[in-house]
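Subject: Structure for your files

Hello,

Please find the structure below, with the sequence. Notes on what was found in it follow.

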Amino acid sequence: MSSTAPALPTTTVDLWVDPRCPWAWIATQWLLEVEQVRSIETRIHVMSLSVLNEGRQLPEQYRQSQAQGWGCVRVCSAVQQHSGDEMLRALYLAMGTRIHHDRAGLGRDMILAALTDVGLPGHLADAADTSEYDRALRASHHRGMELVGDAVGTPVMHIPRSDGTPAAFFGPVISPAPRGDEAGRLWDGVLALAGTDGFFELKRARNRNPIFASR
């Protein structure tokens, strides 16, 4: 008589991202791969590099991107408020594909195209130019960052420990995203670190630019 092994419980990984960050995009691609080889589900949340860097002295070219960066995260926040977490995830993936693979920029044309990709109405792009959803955006941003501090950027992951409390980390910063079993092994390592009381940081200087896997 054959028996079926019980299904493993699904671990929900909360990931805070800004659509314009290439490192967050690569980490997302890694987690999507992990979903295929481990029992996890990635829940996307929006944070904002523009919020994070408010009041900081920045080079001129970065100040320009800070101003332009508000649009994407405002629209993401509007979609989350109106259509929920699943549509936010879908929109983020559509935006990320267009921004990082298609080099479509951060403007209204890209936003409209990404909304169309996921079947959402184009009028939601108007949120890019208003502060209507800024309170919700900032609240989401601070929920992600409060456990890791403001000395880091995106991606930020919250992973539940065995007692239910979240272990929060900046990263991983990887390039390119590992695939298949390699993605699963990296996840196993992250889980081991998350379960280690008092673990804070493991880091080295980056010597590689973002590498995006082919679509």
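Is R38 buried, partly exposed or exposed? R38 is partly exposed, with a relative accessible area of 29%. Here buried means under 20% relative accessible area, exposed means over 50%, and partly exposed is in between, using a 1.4 Å probe and protein chains only.

Before the rest, two notes on the basis. This is a predicted model, in which local features need pLDDT of at least 70 and side-chain atom pairs count only at pLDDT 80 or more, while totals for chains, interfaces and linings use all residues. Residues are numbered from 1 along each chain as its sequence is written, and side-chain values use heavy atoms, with hydrogens and water left out.

Salt bridges

A search of the whole structure gives nine salt bridges, a salt bridge being a side-chain nitrogen of Lys or Arg within 4 Å of a carboxyl oxygen of Asp or Glu. Three of them are described here, including the one made by R38.

R38 pairs with D188, and their closest N and O atoms are 2.7 Å apart. D188 belongs to helix α8 (residues 180-194) and R38 to the loop between α1 (22-37) and β2, so the bridge ties together parts that are 150 residues apart in sequence. Helices (H or I, at least four residues) and strands (E, at least two) are DSSP runs, numbered from the N terminus. D188 is partly exposed at 36% relative accessibility.

D14 and R43 form another salt bridge, with 2.6 Å between the closest N and O atoms. This pair links distant parts of the chain, as D14 is in strand β1 (residues 11-17) and R43 is in strand β2 (residues 40-46), 29 residues apart. D14 is buried, at 12% relative accessibility, whereas R43 is partly exposed, at 36%.

In the third, the side chains of E54 and R138 meet at 2.8 Å, N to O. E54 sits in the loop between α2 and α3 and R138 in helix α7 (residues 134-145), so this pair too links distant parts of the chain, 84 residues apart. Both residues are partly exposed: E54 has a relative accessible area of 42% and R138 has 27%.

The loop between α2 and α3

N53 is also found in the loop between α2 (49-52) and α3 (60-68). N53 is buried, with a relative accessible area of 10%. A polar atom of the N53 side chain lies 3.0 Å from the backbone oxygen of L49.

Regards

Notes: A polar contact is a pair of N or O atoms within 3.5 Å; within protein, one must be able to donate a hydrogen and the other to accept it, and residues adjacent in sequence count only if both atoms are side-chain atoms.
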